[in-house]
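Please look over the structure shown below, and keep it in view while reading the paragraphs that follow.

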Amino acid sequence: MATDDGFERTYPEIDDWTDSRELLANARKQAEERQLDDVFIVDIDSHISDGGNWPEIMDYVEDPVIREAASAFGDGSKRGAFLNGTNGLQWQNVWGRIPHGQGLKEAVEESELSRETILARRCMDQMGLDYQVMFPNAMLFLGMHPVPEMEIHLATAYNRWLVERVLPEDPRIKAMMYLPFNNPVEAEETVKRFLGKPGVAGFLVTSSRHKPVHANEYMRLYGMLEETGQVLGFHTHLNWQDEYTSQLNRFISMHAISFVLCNLVHLTNWIINGLPERFPKLKVMWIESGIAWLPFIMQRLDHEYMMRTSEAPLLTKLPSEYMRDMFYTTQPMERTNETLLAASMDAMNAETQMLFASDWPHWDFDLPATIWDLPFLDEAAKRNILGYNAARIFDLEIPEKYRAMAAE
Amino acid sequence: MSELFVAKVEDMADRERRIVVEGGLEIGVFRLGDEFFAWESNCPHAGGPVCQGRIMNRVNEVLDDEKRAHGYEFVEADVHIICPWHGYEFNIRTGIHPGQPETRLRGFPVTVREGAVYVAV
């Protein structure tokens, strides 16, 4: 069976180079079986690929010395220039068992379009997505870069490349701009520079960093984002070098804890220091920690807050109530215990506060059917989580076909 | 019930698989030695194309008499098909996930007749 763009399946053994239209053929099948093409779906978090485009991205570095120095990396190719990625990311494919976990290596046709756009379209078409928010793999480590100013150089280059090269290619592709959060002033400059650019959906902090989010230096940044109605996302990532996680000898152990740990720390600081009271209209989103961590920290903070209220004097209600005002992406949705999952989603007001994310092409990606098949949610809740919550929070235009359906 | 031709026996090597398609149904047919096994290529986890994944032996952790760990080993007798979407593994002989017996693939009868392999659907 051929896809709309003429691709025909050959049912090969899936390897690192398999076309994602072949790899995701069952996603298309799921979409058709469930009529998901009639459902407005937004994917809040994907990481298509950036390794191959890194040399091009380096041309967007604004410091002439750093831009020139990029040529010293990758045997002159600029590949991987200045990046501080750890080997943890290379373990994602479970030693060859999940090929796409190592990044998409498939061929793309000769085109004026960037490789990112071509690969994003393949995914969106197979999954039945209306919008996909893209975030780069390579940037996930930058908060721990040993050269602090490198975060600024690379973030600016990447943000520019997205805004000037990728986002204009397809209105379905959106991006949250990387905030060089280790330098608050530069983070503010990033907001000023990229706010309102076509395709920019919000601003994002990579959570793998040792910077307390309640530091006074960030208040002007949060105020800017609140005033302009922008989403502030915190995207987790692994950190195998931390003192605690360095004791974990298997990727499964480190991944299970590390991805949650950094968001636990930042969310706890965020609430206990009263940031929701200081910036009550700021839309804060916690990305890629799954769902199971939420009932744990809700209960823990509520329990301790009742006994130690004086340590969190800005709060006027329980920590869990502030948590229910914030937003969360669903992936990687833990679903081996349906009872616990249902209770967790209920505790977090999932119908209004949760947003679908695929995390494609990472090894633990989710599909729209992951949400659609949940037996304990009604259809309105599923549609909200899959798309309408995102449309509301990111102010996305809902395509005409869905508006017409709603009117019928 | 109808029968689908898979391959000539001589054309399938040990540990080789073929995907046969009937309408919307995709079935992976595997050869292990002189035996053949057929499973739907639809992972019970998330619906991934499980039979298009890698074939690898089950991994075991080696312990000595004092229960000290000495690394990994492959188990020759247990050959797995691994879903390429998320890594769920299934024993090709039983269709069962090694960590949770309730998680299993949907199987189909395979017959070998006059040097050819057929699967009944």
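**A walk through the two chains**

In helix α9 of chain A, the residues A:V260, A:L264, A:L267, A:T268 and A:I271 meet A:W293, A:I297 and A:L301 of α11(A), where a contact is defined by C-beta atoms, placed from the backbone, that lie within 7 Å. By class, this contact has seven nonpolar, one polar and no charged residues; here Ala, Val, Leu, Ile, Met, Phe, Trp, Tyr, Cys and Pro count as nonpolar, Asp, Glu, Lys and Arg as charged, and the others, Gly among them, as polar. The axes of α9(A) and helix α11 (residues 293-307) of chain A come within 11 Å and cross at roughly 35 degrees, axes being lines fitted to C-alpha atoms, for helices over the stretch in contact, with angles from 0 to 180 degrees between N-to-C directions. The crossing in which α9(A) passes α11(A) is right-handed, the term for a near helix turned clockwise from the far one by less than a right angle, with anticlockwise giving left-handed. Helices (H or I, at least four residues) and strands (E, at least two) are DSSP runs, numbered from the N terminus.

The model is predicted, so local features need pLDDT of at least 70 and side-chain atom pairs count only at pLDDT 80 or more, whereas totals for chains, interfaces and linings use all residues. Residues are numbered from 1 along each chain as its sequence is written, while chains are lettered from A and ligands numbered from 1 in the order in which they are written.

In chain A, eight strands form an open sheet with parallel pairing, in the order β1-β2-β3-β4-β5-β6-β7-β8; strands pair if DSSP finds at least two bridges between them. Strands β1 and β8 (354-355) of chain A stand at the edges with a single partner strand each, so one side of each is left without a neighbour in the sheet. Helix α5 of chain A packs on this sheet, touching β1, β2 and β3 of chain A, and its direction makes about 135 degrees with that of β2(A). Helix α6 (residues 148-166) of chain A also packs on the sheet, where it touches β3 and β4 (200-206) of chain A, its direction making about 160 degrees with that of β3(A).

Strand β2(A) pairs in the parallel sense with strand β1 (residues 42-46) of chain A over three bridges, and A:V42 has A:Y131 as its bridge partner in β2(A). With strand β3 (residues 173-178) of chain A, β2(A) likewise pairs in the parallel sense over three bridges, and there A:Q132 stands opposite A:I173.

Leaving aside neighbours within four places in sequence, A:Y178 is in contact with A:M139, A:A155, A:Y158, A:N159 and A:L204. A:M177, not counting residues up to four places away in sequence, touches A:N159, A:T190, A:F194, A:V200, A:F203 and A:L204.

The largest nonpolar core has 140 residues, and those with the most contacts inside it are A:Y158, A:A175, A:M177, A:F356 and B:V29; such a core is a set of buried Ala, Val, Leu, Ile, Met, Phe, Trp, Tyr and Cys residues joined through C-beta atoms within 7 Å. The largest share of this core, ten residues, comes from helix α9 (residues 251-272) of chain A.

Chain B has zero helices and twelve strands, and 36% of its 121 residues count as buried. Four of its strands form an open sheet in the order β2-β3-β4-β10, with antiparallel pairing. At the edges stand β2 (17-22) and β10 (107-108) of chain B, each with a single partner strand, so one side of each is left without a neighbour in the sheet. Two bridges join strand β4 (residues 35-40) of chain B to β10(B) in an antiparallel run, and B:A38 stands opposite B:F108 in β10(B).

Where the chains meet, the contact takes 15 residues from chain B and 19 residues from chain A. The side of chain B that touches chain A divides into six nonpolar, eight polar and one charged.

Conventions: Contact = placed C-beta atoms within 7 Å. Buried ≥ 20, exposed ≤ 12 C-beta atoms within 10 Å, placed from the backbone.
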